Amino acid sequence: MTLTTQFVTMAVMFISGVYLGAALDTFRRFEVYWNKNVLFHYGMEISFWLLQTLILFYSLFLVNQGELRVYILLAILCGFATYKSLFVSVYLGLLERFIVCIRAIYRFFYQLVQVIFIKPIMWLIQLLLALLLLFGRVLYFVIRIIFRIIYWPLQLIGKGCWLLLPKTVKNYFVSLAGFYSRIENNISKRWKNSWNKRR
């Protein structure tokens, strides 16, 4: 390994240490959202450290084909310590501002979607329901008026036809009505008797 390669490797590992500190603080900042679920917390913790290990090893592989030396670990620790001593307060402040900005953007687009899409659709649905209800009431009112207009002439025609029928035909209808009423009475009596027996 040449001196240039060693210098580049140390510089990259130093930057990787700074990155590791920032990534760890970012992870701890969002950790409160899954801390209550123990299994999910451990899963996220393991996944985070595996991902950081892969990122650091990939960075090392790009600069020196993945050769691990003691000074590489020291460079990572130096970068991490430098971040903790110099950059942590600045980064956390920027991170909080970034989170506030993301929340503001989310609220803006949420309200925009509500105003442009959700509320007009809800108003349209309410309007359609109101129109359907109004149409139903108007239709019911019109049908009642038509029925009242038609019912009286039909009643007169029916009474006139009944008066014009021969007496034998009238007697036949009267007897037929009595026959059906007797059948209905018999069925209702049998139903009541069978119901009382069951009880």
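**Helix packing and the largest pocket**

Colleague: In this predicted model, is the crossing of α1 and α2 left-handed or right-handed?
Modeller: The two helices that cross here are α1, which covers 3–30, and α2, which covers 38–64. In the predicted model, the crossing of α1 and α2 is right-handed.

Colleague: How does α1 run relative to α2, roughly parallel or roughly antiparallel?
Modeller: Two packed helices are described by the angle between their axes and by the distance between those axes. For α1 and α2 the axes lie 9 Å apart and the packing angle is about 165°. Because an angle over 145 degrees counts as roughly antiparallel, α1 is, relative to α2, roughly antiparallel.

Colleague: How many residues of the contact of α1 with α2 are nonpolar?
Modeller: On the α1 side the contact includes Val8, Val12 and Leu20, and these belong to a set that meets α2 residues, among them Phe48, Trp49 and Leu56. Six residues of this contact are polar and two are charged, while the number of nonpolar ones is 15.

Colleague: Which element gives the largest share of the lining of the largest pocket?
Modeller: The largest pocket has a volume of about 180 Å³, and of its 13 lining residues the closest to the centre are Thr53, Leu56, Phe57, Leu73 and Ile76. Two or more lining residues come from each of α1, α2 and α3. The largest share, six residues, comes from α2.

Key. Residues are numbered from 1 along each chain as its sequence is written. This is a predicted model: local features need pLDDT of at least 70, side-chain atom pairs count only at pLDDT 80 or more; totals for chains, interfaces and linings use all residues. Side-chain values use heavy atoms; hydrogens and water are left out. On a 1 Å grid over the protein atoms alone, a cavity is a set of points where a 1.4 Å probe fits but cannot get out, and a pocket is an open set with protein on both sides within 12 Å along at least five of seven lines; lining residues have an atom within 4 Å of a point. Grid points are joined across faces, edges and corners, and a volume is the space filled by probe spheres set on the points. Helices (H or I, at least four residues) and strands (E, at least two) are DSSP runs, numbered from the N terminus. Axes are lines fitted to C-alpha atoms, for helices over the stretch in contact, and angles run from 0 to 180 degrees between N-to-C directions. Angles under 35 degrees count as roughly parallel, over 145 as roughly antiparallel, 65 to 115 as roughly perpendicular and the rest as oblique. A crossing is left-handed if the near helix is turned anticlockwise from the far one by less than a right angle, and right-handed if clockwise. Contact means heavy atoms within 4.5 Å. Ala, Val, Leu, Ile, Met, Phe, Trp, Tyr, Cys and Pro count as nonpolar, Asp, Glu, Lys and Arg as charged, and the others, Gly among them, as polar.
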